[in-house]
Amino acid sequence: MKEQLAKIRSEALAAFASVKTPSELDALRVQYLGKKGELTAVLKQMGKLPPEERPAMGQLANEVRAALEEALERTGKALEAAALEERLKKEAVDVTVPGRAPKIGHRHPMYTALDEIKEIFIGMGFTVLDGPEVELATYNFDKLNAGEGHPSRDWSDTFYFDKDSRVMLRSQTSPMQVRAMETMELPIRIIAPGRVYRKDEVDATHSPMFHQVEGMVIDKNVTMADLKGTLNTVVEQLYGKGTKTRFRPHHFPFTEPSCEMDVQCHKCGGVGCPTCKGEGWIELLGAGMIHPKVLEMSGIDPNVYSGWAFGIGLERTAMRRFKIADLRLIFENDVRFLEQF
Ligand code: PHE
């Protein structure tokens, strides 16, 4: 029996030592220390021993049990520690791995172009105004010297909200000239960017909704020279020093004289190429000296004050700035397009 106990002890300890998992260890616990285990089986034979041998054998059996229980606990703890170590290793966060950058958006190319324009004018002391897209015909036409019956009022020119053609989507940002004259103290220096609407079919250069930036200066002794000087400065800041401009006579009901301003083609330098359609010049904006009648209608004395105004199309500016060939791309908001800017 002594040998049996010694055998159990050495076998069990060896088995514990080579165990790899908690469940293996538990199986061994059952095998050696369980109710039907090997140690119990030996103890059950105790009764067959002569009475004088029982105490010593009992003590030995208890020692073996204690040794096995101690080894069991130790092994169990070691396995737990190893498992934890393993998990820590597996779940460890490598703080040196570069992060995955979240996709964030950026400014739309057209607003980048607008920001540049705003920046330039703010630098020259202009105030930026915001105005209504749903406008009264009075502001869009009448007070801009395009009264009832004027060709530019043709109902098909834009979108009206009522039968009497009084409320409409503004067809230009020029009504902001009137709104500024009616509400602001003189002298006035403003730009007013925003959406405008026209009954245009969508194609590579047209859209029924597009953006303009209106600009206006009213003060004493303001002349056409101020208009040219200011716009030339703006163009040089937008397209680089030495960029040439050209002013052509034109007609707008609310300016007199009126003009259109072209910039020398940045692609060919004025020789003529596909970008400028062989002209050497690209049309940029409409402008002119504010018509005395317009000043008068808004309560400003044209004998004391004079002013100039311009209106520039923002999409075309952005298209030129970012070399965008088709205007529709600006509004489609395809990420593959927008990502390029
Ligand atoms: N409103 C004009 C247009 O839409 C542009 C313009 C603005 C012309 C101001 C002269 C002065 O074509």
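Biologist: Which residues lie nearest the centre of the second largest pocket?

Modeller: This is a predicted model, in which local features need pLDDT of at least 70, side-chain atom pairs count only at pLDDT 80 or more, and totals for chains, interfaces and linings use all residues. Residues are numbered from 1 along each chain as its sequence is written, and side-chain values use heavy atoms, with hydrogens and water left out. A pocket is, on a 1 Å grid over the protein atoms alone, an open set of points where a 1.4 Å probe fits, with protein on both sides within 12 Å along at least five of seven lines, and its lining residues have an atom within 4 Å of a point. The lining of the second largest pocket counts 21 residues, and those nearest its centre are T275, K277, I282, R316 and R320.

Biologist: How many charged residues does the lining of the second largest pocket have?

Modeller: Asp, Glu, Lys and Arg count as charged, Ala, Val, Leu, Ile, Met, Phe, Trp, Tyr, Cys and Pro as nonpolar, and the others, Gly among them, as polar. β6, β8 and α10 each supply at least two residues of this lining, where helices (H or I, at least four residues) and strands (E, at least two) are DSSP runs numbered from the N terminus. By class, the lining of the second largest pocket has seven nonpolar and four polar residues, and the charged ones number ten.

Biologist: What is the volume of the largest pocket?

Modeller: The largest pocket is lined by 42 residues, among them S171, R198, F210, Q212 and F252, which lie nearest its centre. Within that lining, β8 gives the most, with six residues, and the classes are 15 nonpolar, 18 polar and nine charged residues. A volume is the space filled by probe spheres set on the grid points, which are joined across faces, edges and corners, and for the largest pocket it is about 950 Å³.

Biologist: Why is α10 largely enclosed by the rest of the structure, and how many of its residues are buried?

Modeller: Buried means under 20% relative accessible area, exposed over 50%, and partly exposed in between, with a 1.4 Å probe and protein chains only. The buried residues of α10 include L314, E315 and R320, and what covers them includes α5 (109-123), β5, α8 (224-239), β8, β9 and α11. Helix α10 is largely enclosed because the buried ones among its nine residues number seven.

Biologist: How many residues apart in sequence are the parts that the pair of F322 and F341 ties together?

Modeller: The structure holds seven aromatic pairs, in which rings of Phe, Tyr and Trp (its six-membered ring) have centres within 6.5 Å, planes under 30 degrees apart counting as stacked, over 60 as edge-to-face and the rest as tilted. F322 and F341 form an edge-to-face pair, at 5.3 Å centre to centre and with 70 degrees between the planes. Because F322 lies in helix α10 and F341 in the segment after α12 (335-338), the pair ties together parts whose separation in sequence is 19 residues.

Biologist: Which residue in β5 does P193 stand opposite?

Modeller: Strands pair if DSSP finds at least two bridges between them, and ten bridges join β4 to strand β5 (residues 209-219), the two running antiparallel. Strand β4 (residues 188-197) is mostly covered, since eight of its ten residues are buried. On the β5 side, the residue opposite P193 is V213.

Biologist: Where is P257, the residue reached by a cis peptide bond from E256, found?

Modeller: The bond from L186 to P187 is cis, with omega near -5 degrees, and P187 is found in the loop between α7 (175-183) and β4. The bond from E256 to P257 is also cis, with omega near -5 degrees. The place of P257, however, is in strand β7 (residues 255-264).

Conventions. Contact means heavy atoms within 4.5 Å.
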